[in-house]
Amino acid sequence: MAEGAAASRGGLGKALPLLAPAYLWLTVAIFLPLSAMVFFSFMTDLPLTGKPWAFTLGNYAAFFSQSLYLTLLLASLRLGLEVTLWCVVIGYPAAYVLAKVLKGRSREAIFLLVILPFWSNGLVRIFSWAMVLREGGILDAALNAVLPFKINIDLMYSYPAVIIGLVHSYVPYMVLTCYLTLQAIDDSLIEAGRSLGASRLQVLKRVIIPLSMPGLVAGAALIFVPVVGSFMEPRILGGRTGTFYGTVIEDQFVAVFNWPLGAALSFILLAVVLVILAVASPVLRRAA
Amino acid sequence: MAGVTVSNVSRSFGAHKALDDVSIDFADGGFYALLGPSGSGKTTLLRQIAGFDFPDTGRISIGGESVERVPVEKRRIGMVFQNYALFPNMSVADNVAFGLSVRGEAKTVIATEVQRALDLVQLGKLGGRKPHQLSGGQRQRVALARAIVTKPRVLLLDEPLGALDKALRVDMQIELKRIQREIGITTIFVTHDQEEALTMSDRIGILRDGRLVQEGPPEEIYDRPKSEFAATFLGDANIFRGDATGNGIRLADGTAIAAGVGDRLAAGAKASCAVRPERIRIATDAGTTDSNINTLKGQVSKRIFAGNNSTYFVDRAGQTLKVIVQNTGADLLAEGQDVVLRWSPESTVLIAAG
């Protein structure tokens with residue numbers, strides 16, 4: 001340990017020119033604006049407007065004085081949990097097939113299909129879903145073309161529509177992180193399990209899932225955190241039902257122009273998410 | 001415990017015939033080596049016996065029960081993999097317990113059996129360790145304990161010692177043999193190391209290009225190889241090619257070589273003779289001329305001193321022969337020296353060309 005630390009200290013001098021651009025960029029682009037936001041969250045009004053302002057804790061107090069914010073936060077956490085679960089349910093089997101079943105060109109082709117959502121604009125993606133899900137939209141039309149009876153699903157502006165949109169946006173993260181851990185698992189471990197009399201399901205439960213836990217955890221963290229704060233999908237696909245913590249924060253910035261409140265709500269969310277991750281990480285690490 | 005019978009098994013992958021009509025009997029309690037160069041089909045054959053892959057045609061039975069379409073988890077076999085394949089997320093004891101635990105054995109039974117298996121491989125105190133905390137040899141022992149704790153009908157080993165260094169490999173050969181004797185399990189192991197096959201097994205099967213070339217006890221295959229391939233793959237051999245004469249062959253330059261062992265071949269047929277390098281005596285003088293003894297003149301082109309023996313490469317008529325001489329304290333021959341080689345017909349194996 002001590003040796004490693006000494007070596008990394010010696011290497012730091014050489015590494016500095018390589019690290020500097022990244023850290024400079026992070027400082028300018030993330031750290032400074034974020035610091036400004038922390039500053040704003042303790043103010044009565046924005047200094048930019050020229051109106052008088054003072055320091056206050058009122059923005060944070062607002063969260064606790066109105067039960068609406070807590071309700072919305074819980075709804076957003078539930079949304080995050082549900083989307084993460086769906087991403088596991090859909091993404092893990094896909095990652096398994098990619099890592100363990102497909103080989104060569106077919107693997108590359110399927111991989112491309114998984115990555116494709118990343119390359120398309122988020123807004124385009126959401127409006128595409130709107131076209132599919134709305135009443136008389138592509139989904140309804142397709143079902144009516146196949147089914148003998150008239151059907152009208154009309155998922156648009158509903159909670160399921162929000163889930164569908166978010167899962168679609170975030171499932172590639174789960175596929176990629178799980179794929180990386182799954183393909184690192186030696187096939188001979190699966191064979192060893194089966195040679196010892198374990199069925200495929202027992203091998204999955206006792207060997208493969210425990211060994212791919214780091215990928216599941218990483219994927220879950222990558223999905224859960226942004227989904228809890230998401231506002232685009234809830235607003236467009238959820239309509240009136242799509243009011244979540246993230247959309248309220250967005251409102252403070254773009255509609256109400258109450259930046260201090262928006263900033264305070266953001267930092268409360270950040271704190272809650274950090275607490276959840278801190279509580280969950282030892283449990284998950286033990287599982288992994 | 002049970003014997004294994006492989007009958008007329010063929011398996012192709014695309015156009016490649018990995019196994020071509022292989023039949024071989026593994027008697028109950030025996031220790032068998034499947035020996036062959038890479039791509040010879042030995043691992044494919046082991047995987048058919050294990051049940052990871054099914055033959056296109058042919059039958060496989062374990063203990064008289066037909067299993068060629070039974071999946072691996074139902075065959076009650078034990079397998080040791082080349083890279084050990086220990087579960088990295090489990091302790092040594094949990095690795096060994098895996099087979100019993102998926103079977104649903106009681107916890108107390110599992111604990112007793114696991115301890116017994118770990119004691120058998122002399123790792124009784126290391127049950128709490130994780131695989132990555134063990135040395136290569138220890139991992140190999142854990143893999144073995146894990147494979148035998150379920151009391152399988154047959155133990156399959158896929159190049160089990162390939163990843164170990166030389167000294168450890170010799171230790172493990174002895175150890176593996178001891179354990180196999182102790183539990184008396186039918187054991188089939190795949191190797192490309194001919195020395196390992198010779199020292200460990202009761203019988204050896206040599207494979208080449210998906211076919212079984214020869215099968216039998218090590219001494220028989222070594223002393224009576226039935227093909228040039230068997231002669232040169234298992235041990236070293238000097239090969240002479242010529243026409244059969246009835247009691248040997250005649251080389252292209254007219255030299256006759258008498259063979260006392262091997263096939264009876266019709267005169268005139270293409271044939272070979274194989275002679276082991278340690279069966280040839282090398283001398284500088286002509287000595288007594290006994291017509292029964294094969295005699296060739298040559299010149300030492302190279303000498304390799306290896307402590308307990310020396311290897312001479314002797315050139316004659318465009319062929320280089322290999323002669324191994326035990327170090328008895330006699331003077332070594334110099335490179336470039338003219339020598340006479342002698343060996344008896346009983347040391348010469350006649351092999352049909354092919």
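Student: In what order do the strands of the open sheet of 4 strands in chain B lie, and how are they paired?

Tutor: Glad to start there, and please keep in mind that this is a predicted model. The order is S2-S1-S4-S5 in chain B, and the pairing is antiparallel.

Student: Which strands of chain B stand at the edges of that sheet?

Tutor: Strand S2 (16-26) and strand S5 (65-66) do; each has a single partner strand, so one side of each lacks a neighbour in the sheet. Further in, strand S1 (residues 4-13) and strand S4 (residues 57-62) of chain B are joined in the antiparallel sense by 5 bridges. To find this pairing on your screen, look for B:Val6, whose bridge partner in S4(B) is B:Ile60.

Student: Which strands does helix H1 of chain B lie across?

Tutor: Helix H1 (residues 42-50) lies across S1, S2 and S4 of chain B, and runs at about 120 degrees to S1(B).

Student: What is the strand order in the open sheet of 6 strands?

Tutor: In chain B that sheet reads S6-S7-S8-S3-S9-S10, with mixed pairing. S6 and strand S10 (211-216) of chain B are at its edges, each with a single partner strand, so one side of each has no neighbour in the sheet. From one strand to the next, the twist averages 20 degrees. For a parallel pair, take strand S7 (residues 154-158) and strand S8 (residues 186-191) of chain B, joined by 5 bridges. There B:Val154 has B:Thr186 in S8(B) as its bridge partner.

Student: Now for helices. What describes two packed helices?

Tutor: The angle between their axes and the distance between the axes. Here, the axes of helix H2 (residues 92-102) and helix H4 (residues 136-148) of chain B come within 7 Å and cross at roughly 30 degrees. Angles under 35 degrees count as roughly parallel, and H2(B) and H4(B) are therefore roughly parallel to each other. The crossing of H2(B) past H4(B) is right-handed.

Student: Which residues of H2(B) and H4(B) meet?

Tutor: From H2(B) come B:Val92, B:Asn95, B:Val96, B:Phe98 and B:Gly99, and they meet B:Val142, B:Ala145 and B:Arg146 of H4(B). By class, this contact has 5 nonpolar, 2 polar and 1 charged residues.

Student: How many residues of chain B are in contact with chain A?

Tutor: 19 residues of chain B are in contact with 15 residues of chain A. Strand S6 (77-80) and H2 of chain B each supply at least two residues of the chain B side. That side divides into 11 nonpolar, 5 polar and 3 charged residues.

Student: And into which domains is chain B divided?

Tutor: Domain 1 (4-223) and domain 2 (236-352). Their C-alpha centres lie 39 Å apart.

Key:
Residues numbered from 1 in each chain as written. Chains lettered and ligands numbered in written order. Predicted model: local features only at pLDDT ≥ 70, side-chain atom pairs only at ≥ 80, totals over all residues. Axes fitted to C-alpha atoms, helices over the stretch in contact; angles between N-to-C directions. Parallel < 35°, antiparallel > 145°, perpendicular 65-115°, else oblique. Left-handed = near helix turned anticlockwise from the far one by under 90°. Contact = placed C-beta atoms within 7 Å. Nonpolar A, V, L, I, M, F, W, Y, C, P; charged D, E, K, R; others polar. Pairing = 2+ DSSP bridges. Domains from an automatic or database assignment.
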